[in-house]
Amino acid sequence: MAGRRHGGRSLNSLAIQLSAFALTFILIALLVVTSSRAAFVAQNDNSTNQVTSAAIALTDTDAGTAMFNGVTNLMPGAPVERCIDVTYTGTVDPTAVLLYASAAPTGTLTPYLNLTVQMGTDNTPVFGDCTGFTSGSTVYSGTLSNFATTHAGHATGATTWNPIGSPETRTFRFEISVQDNTAAAGKTSTFGFSWETRTS
């Protein structure tokens with residue numbers, strides 16, 4: 001009888017110990033979860049960043065019309081001149097504005113044409129009209145063929161001016177004349193010019 005009571009007490013004691021262990025485990029788990037939820041947090045943001053690229057632009061006053069549009073009966077000793085304004089607008093100081101042939105001239109009159117390009121100002125600019133033009137420098141003087149060969153693109157363009165502000169405008173006077181050579185009679189030439197600038 002005494003042995004049974006001793007065995008019963010042992011089982012009860014073991015059950016109590018297991019219950020106590022289980023309860024302790026549950027309490028520890030609850031403490032861990034509660035502790036995790038109550039952790040300190042620090043945060044710092046740098047948001048809504050925005051950047052804008054530089055802008056550069058060259059415009060002129062030709063409105064899509066060629067300077068020497070429909071010029072006929074060109075005679076030796078009677079040069080034809082045309083003026084055009086070129087304006088730089090942009091948000092940065094660009095490289096120098098370069099002038100070059102927009103394409104190789106075509107036509108059999110090309111070898112007999114002389115070209116002079118001057119840069120200056122015009123207080124009353126009108127496309128094509130050079131009445132108020134004042135020359136500041138000569139950009140080129142020679143034959144049209146040589147200009148197209150020497151200044152065939154941006155890499156070899158003739159330097160005009162280096163804008164330091166915006167807007168900045170320069171007036172260009174182009175003078176074309178035909179050489180006094182009978183071989184030039186009755187011939188035609190087609191040609192064009194381009195201005196270009198780039199960011200530094």
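In the predicted model, Glu-168 is buried, with a relative accessible area of 14%. The side chain of Glu-168 meets that of Arg-170 in a salt bridge, with a nitrogen-to-oxygen distance of 3.9 Å. Arg-170 itself counts as partly exposed, at 26% relative accessibility. The classification follows from the cut-off applied, because a residue is called buried under 20% relative accessible area and exposed over 50%, with partly exposed in between.

Three salt bridges were counted in the model. One of them joins Arg-173 to Glu-81, whose closest N and O atoms are 4.0 Å apart. Arg-173 belongs to strand β7 (residues 168-178) and Glu-81 to strand β2 (residues 80-90), so this pair ties together parts that are 92 residues apart in sequence. Glu-81 is partly exposed, its relative accessible area being 32%. A further salt bridge is formed by the side chains of Arg-198 and Glu-196, with 2.8 Å between N and O. Arg-198 is likewise partly exposed, at a relative accessibility of 42%. In general, side chains of opposite charge can pair when their charged atoms come close.

Aromatic contacts were examined next. The count came to eight aromatic pairs. In one of these, the ring centres of Tyr-140 and Phe-147 are 5.0 Å apart and the planes stand at 70 degrees, so the pair is edge-to-face. Both Tyr-140 and Phe-147 are buried. Phe-191 and Phe-193 also form an edge-to-face pair, with 5.8 Å from centre to centre and 70 degrees between the planes. Of these two residues, Phe-191 is partly exposed at 26% relative accessibility, whereas Phe-193 is buried with a relative accessible area of 14%.

The analysis then turned to pockets. The largest pocket holds about 660 Å³ of space. Its lining comprises 31 residues, and those nearest the centre of the pocket are Phe-68, Val-71, Leu-113, Ser-189 and Phe-191. Strands β7 and β8 (193-196) each contribute at least two residues to the lining of the largest pocket. By residue class, this lining divides into 16 nonpolar, eleven polar and four charged residues.

Note on methods. Residues are numbered from 1 along each chain as its sequence is written. This is a predicted model: local features need pLDDT of at least 70, side-chain atom pairs count only at pLDDT 80 or more; totals for chains, interfaces and linings use all residues. Side-chain values use heavy atoms; hydrogens and water are left out. Helices (H or I, at least four residues) and strands (E, at least two) are DSSP runs, numbered from the N terminus. Buried means under 20% relative accessible area, exposed over 50%, partly exposed in between (1.4 Å probe, protein chains only). On a 1 Å grid over the protein atoms alone, a cavity is a set of points where a 1.4 Å probe fits but cannot get out, and a pocket is an open set with protein on both sides within 12 Å along at least five of seven lines; lining residues have an atom within 4 Å of a point. Grid points are joined across faces, edges and corners, and a volume is the space filled by probe spheres set on the points. Ala, Val, Leu, Ile, Met, Phe, Trp, Tyr, Cys and Pro count as nonpolar, Asp, Glu, Lys and Arg as charged, and the others, Gly among them, as polar. Rings of Phe, Tyr and Trp (its six-membered ring) pair if their centres lie within 6.5 Å; planes under 30 degrees apart count as stacked, over 60 as edge-to-face and the rest as tilted.
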